[in-house]
Amino acid sequence: TSYDIKNQYIIDAVKGKVKTARFVCAMALAIPNEETMTIEETFEGEINDCIAGENGFGYDPIFYFPPLQKTSAEMSMDEKNQHSHRAKALKKLYDILKEK
């Protein structure tokens with residue numbers, strides 16, 4: 001099933017309901033002779049009322065981010081790198097590695 005079909009199905013399924021949404025990124029860092037570290041970050045938003053945007057994949061065109069008033073697929077790469085779950089998790093991982 002294409003993401004256009006999946007995304008429209010989700011839009012239709014949540015019509016008239018609370019539409020909060022969350023992307024989650026979980027990472028693990030395993031270094032020999034050290035305790036394994038886990039990192040989890042989220043990207044909080046809502047399900048948009050329509051498919052919008054070309055920058056991204058999957059559910060990005062229906063994931064609406066209220067602070068920027070646009071979907072994840074409408075964001076520039078700089079905006080995504082500032083707010084997304086993956087970017088926040090990678091930054092946290094980078095900060096941990098810098099301290100080692």
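**Cysteines and core**

Cys 50 is partly exposed, at 41% relative accessible area (partly exposed lies between buried, under 20%, and exposed, over 50%, with a 1.4 Å probe and protein chains only). Cys 25 counts as buried, at 9% relative accessibility. The whole structure holds zero disulfides (a disulfide is a pair of cysteine sulfur atoms within 2.5 Å).

The model is predicted: local features need pLDDT of at least 70, side-chain atom pairs count only at pLDDT 80 or more, and totals for chains, interfaces and linings use all residues. Residues are numbered from 1 along each chain as its sequence is written, and side-chain values use heavy atoms, with hydrogens and water left out.

Now the core. The largest nonpolar core has 10 residues, including Ile 11, Val 14, Phe 23, Phe 43, Ile 47 and Met 75 (a nonpolar core is a set of buried Ala, Val, Leu, Ile, Met, Phe, Trp, Tyr and Cys residues joined through side-chain atoms within 4.5 Å). Helix 1 (3–14), strand 1 (20–29), strand 2 (37–47) and strand 3 (63–65) each give two or more residues to this core (helices, H or I of at least four residues, and strands, E of at least two, are DSSP runs numbered from the N terminus). Apart from this core lies another, of six residues, among them Leu 29, Ile 39, Ala 89 and Leu 93.

Beyond its neighbours within four places in sequence, Val 14 is in contact with Lys 19 and Ile 47 (contact means heavy atoms within 4.5 Å). Tyr 64 sits in strand 3. The C-alpha atoms of Tyr 64 and Lys 19 are 9.8 Å apart, with the two residues 45 apart along the chain.
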